[in-house]
Amino acid sequence: MEVAMLSRKPQKAVHSTDPGQSGLWLLLTFGGGVAGASIPYFATHSAAWTTGTTGGGTIGAAVGATAAAIPQFRDWVSTRSRRRQIAESAGVATDITEQPLESLRVHTSDRDITEFVPRDIQHQLVEHLNNGIPVLIEGPSMSGKTRLAIETIRSHWPEVPCWFPRDDGDIEKLLSSNQQPAANTVILLDDLDRFLSNQSLTLGFLNQWTKNSCIIIATMMHSQYVKHSDRANEKVSEWDTVNRFKKITLNSSLSTKEFNAIKLTSYANLLSQIESIGLGPLLGCAEAVRTAFADELKVHSRSGTLIKAAADWRRIGLGPASKDQLISFSKAHIDSMKQTSEWDRVWKYATNPINNTVPLLRRIGDDLWEVLDIIADEADWIISEHTFKSLQNITLSTQQARRSTIAMMLYGAPPSSTDAMFQHVIDTNPHDITILGDYALFLETVRGDINQAEQVFQHAIAVDPHHANTLGNYALFLQNQKGDTGQAQIIFQQAIEADPHDASNLGDYALFLHTIINDTDQDETMYKRAIEADPHNATNLRNYAAFLQYQQHDMDGAEEMYRQAITYESRNTIELTPFTCNSILETAHIEKSQTRDMYIVSIEANSSKTSTLGLYANFLETVRGETNQAQRMYIEAIEATPKDTYTLVNYAIFLGTVRNERDQAKIMFQRAAEVAPSDPYVATNYALFLQFECGEMDQAQAMFEKATENTSNESYIFGIYANFLFTVRHNMDRAQKMFQRAIETNPSDATALGLYARFLFATCGDMVRTQKMFQRAINADPHDTPTLGGYALFLHTVRGDMDQAQNMYQQAINADPSNASNLRTYANFLKNVRGDMDHAQNMYQRAITADPHHANNLGNYAQLLFAKSDDMEAIRMAEKAITLTSDDEKSLQTECHFYLFAHSPNHRKDSGRALKALLAEGVMTGDWSFEMNLERLRREKDPRLELLKAVARTLEDGDTSRLDAFEEWRDL
């Protein structure tokens, strides 16, 4: 089982909301008493905003006219008044029921747009909001997203306080004054990406408002949604914030139901145009805007250049721009040295409304401008390296500078150009912890400069030793890149101390404790803390599910966690794959020739990520045994994430071993190999499939070689390949070297140590050294099931230490109660050594439940049932075992035919002839004992006892001459 690897998180700016910074809560005393009447002024404050304190908002001092004369009180009132002004200016306490639509960020129109046509998705929107789920409406520009949100609020929550931050800085403005939206407030975040670009909205705030029963609606253009929601951006963008929303899509085109509804409205005379382009684009003058912009581009005008530059500015994610910024950026687009007066004329044209309705470039604040949504959303030109480079010569805010570096990294700008931009930004902001953290991630993941990345991480932490996000990323760096487990643990603990509620750090530390430290008690505590901090984090839920399944064997708890993870992951997540990278690139129209690094990062990252659907499918297959449902889930997972190598590999194994569809299994393995041609995990599993399911040893070896060539630190791969060289190729010298490589790579790899123990005994017969190697393997991992089972078998069959062997068998089964191999060998031990038939029968039944298609288990169980005279069930088991045996399992076929020949009159002739034919081919069963079958015949005084004793001896030594003395045998 492979759980999600430790991953990096986006850097986030930190905004203080410390309640200790809030205003003074003053109680005025008069003559030792506290007056208790509330001041009416404060009773009229809107309920849509509160201070950052945890205390109540009503003042318990009544003073009448004399109160204003007290300086302390006057200062306090002044502070509260300023806060109220800030709240109001930030869009708090907005009454949107009567405000004109143009003032609510709805596109201006040259028609009367008073009438609203309900959209089909509105019932989904209301349902999710009523369930306390934040909702993101995404879709093309002018599809009606903002209007739908406003009309939904007006119709369903008309009396509820509303916070509508219209300017990009409104969230920052409110929070920096230690105020928060009050409980049950409706929050409308139009064009959500505005607040992600300046980092004023974080996952922490979003979770806080959700827990406070706020109703949260957001909108976002589709092009921005693709960029922000994809895991390609997980390391450096606001991926986690976007994916906290339930996404619903609003299209420009109308459904049949919506179109029929328009026939009953004042828009009925526009039906032909609406059917062609949609209602929203028609009312928003989309066609006029497209035509005007296209005309400017056609004649290569300065206005076209200005609008194109403004569109690039927005696509990069730089937020609103000043006039000087856009003109400077435009000049860089064409290397223009035109006089300012000429650009003033261009500016006037670009900001002049088309059809007296909307301008191509609109003003949204004091010297703050942005291109019309539809132009940025439909932009179809390439963002060039030159465009990115030009940003170094433009005065940018700190947040804009940071966004430019992120955009360059994500959109495949040459690493050297991105590095230069980072250097430029850091020179300007040498103590900005967020930018330093981003640069460290860039150096690590794009440039591969591990040493410099470590220096930058250390410098960033020196700047701010309590920045939880940077500490968490540095801990991941230390573990994943440096292998410094001890220091990584120390830094993880510092990160959690800095922010005890950071769900990402808590989840990453839990995974670290689970997969690296193997601290079962502490890692469960951390998983629970992570989920408490963010109950909707699909990654943490998924990893906790794997922990419960594989460490705690709590299958019901694991299934519940998988289901919760699927619920939250399926909301929005687009998995990181080359396919989805293409989608981003096509949307942003980035030059494909410049994206090699992005593709490499995407493929490598995808190899360590898997969808929860794929994990749950594997759970249904291996734990629940629900193969039909598992197959449906595998197919659904692959359709959702077609490049998920883990799911492709697991489904390939499922097809080969459960469905016996080897050709289809090969196709799945080949798909996985195409996605990640250098992934040793894929190559190793494909090699094992070729070895055990197909018997194609040359191809299997080629895959093993490929796997070992592409890894230097995966000891289990070296160990598995060493075992192949030992058991299949019998190349003992090379196997010895590969085992040593595995153990040198990881001296605590229990699997490699256990396999090496078997190798040592087989090659040199050194029981003492073999036993020490087994014990070393068990000390490395007391729960490694194959090693425990192998050691039990060694103690049983080689050492003859039956008591210790039984103890090891029990430990192995406790470690994995569904391991069919260990259940079978323990059942054989109980049957043949202890003579405990009832206990052995229970073990066989468990082994067959764990693997219903294992012919050896069925054959062994058939022998026990015949010995107990349960002939009907025994016959069923033997017949099933024979049908499941392959051509290279003729000894097992012979064994089962002996049982039927001995105990089933209806099978004597057919099984006898089969035995005679198999013996003629030279097939024998070796030292397998048939004594319990013969003992039954003795008890029953069966007249065929001597014949069957002779057959049993012949199956051991192959001498068929003794059988000629028996007439029954001769007549077969």
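Q: Why does Val-346 count as buried?
A: This is a predicted model, and in it Val-346 has 10% relative accessibility. Buried means under 20%, so Val-346 gets the label. You'll find Val-346 in helix 16, residues 340-350.

Q: What makes the Tyr-474 and Phe-477 pair stacked?
A: Start with the total: the structure holds 46 aromatic pairs. In this one, the ring centres of Tyr-474 and Phe-477 are 6.1 Å apart and the planes make an angle of 20°. Rings pair if their centres lie within 6.5 Å, and planes under 30 degrees apart count as stacked, so both tests are passed.

Q: Where do Tyr-474 and Phe-477 lie?
A: Both are in helix 23 (residues 468-482), 3 residues apart, which is about one turn of the helix.

Q: Are Tyr-474 and Phe-477 buried or exposed, and how do you know?
A: Tyr-474 has 7% relative accessibility and Phe-477 has 0%. The cut-off for buried is under 20%, so Tyr-474 counts as buried, and so does Phe-477.

Q: Why is the pair of Phe-726 and Phe-759 called edge-to-face?
A: The planes of Phe-726 and Phe-759 stand at 90°, with 5.1 Å centre to centre. Angles over 60 degrees count as edge-to-face, so that's the name this pair gets. The pair links distant parts of the chain: Phe-726 belongs to helix 37 (residues 715-727) and Phe-759 to helix 39 (residues 750-764), 33 residues apart.

Q: What makes helix 35 roughly parallel to helix 37?
A: Helix 35 (residues 680-694) packs against helix 37 at an angle of about 20°, with the axes 11 Å apart. Angles under 35 degrees count as roughly parallel, so helix 35 is roughly parallel to helix 37. As for handedness, helix 35 passes helix 37 in a left-handed crossing.

Q: Why are strand 5 and strand 9 said to stand at the edges?
A: The open sheet has 5 strands in the order 5-7-8-4-9, and the pairing is parallel. Strand 5 (162-163) and strand 9 (246-249) each have a single partner strand, so one side of each is left without a neighbour in the sheet.

Q: How do you know that strand 4 pairs with strand 8 and with strand 9?
A: Count the bridges: a pair needs at least two. Strand 4 (residues 135-139) is joined to strand 9 by 4 bridges, and strand 4 pairs with strand 8 (residues 215-221) over 5 bridges. Both pairings are parallel. Towards strand 9, Val-135 stands opposite Lys-246 and Leu-136 has Lys-247 as its bridge partner. Towards strand 8, the bridge partner of Ile-137 is Thr-219.

Q: Why is strand 4 called largely enclosed?
A: 5 of the 5 residues of strand 4 are buried, so the rest of the structure largely encloses strand 4. Both faces are covered: Val-135, Ile-137 and Gly-139 are buried on one side, and Leu-136 and Glu-138 on the other.

Q: Why is Asn-184 partly exposed, while His-730 counts as exposed?
A: Exposed means over 50%, buried under 20%, and partly exposed is what falls in between. Asn-184 has a relative accessible area of 45%, so Asn-184 is partly exposed. His-730 has 53%, so His-730 counts as exposed.

Q: What phi do Asn-184 and His-730 have, and where do they lie?
A: Asn-184 has a positive phi of about 70° although it is not a glycine, and its place is in the loop between strand 6 (179-181) and strand 7 (186-189). His-730, also not a glycine, has a positive phi of about 55° and lies in the loop between helix 37 and helix 38 (732-745).

How values were computed:
Residues numbered from 1 in each chain as written. Predicted model: local features only at pLDDT ≥ 70, side-chain atom pairs only at ≥ 80, totals over all residues. Heavy atoms only, no water. Helix = DSSP H or I, 4+ residues; strand = E, 2+ residues; numbered from the N terminus. Phe/Tyr/Trp six-rings, centres within 6.5 Å; stacked < 30°, edge-to-face > 60°. Buried < 20%, exposed > 50% of the residue type's maximum accessible area, 1.4 Å probe, protein only. Axes fitted to C-alpha atoms, helices over the stretch in contact; angles between N-to-C directions. Parallel < 35°, antiparallel > 145°, perpendicular 65-115°, else oblique. Left-handed = near helix turned anticlockwise from the far one by under 90°.
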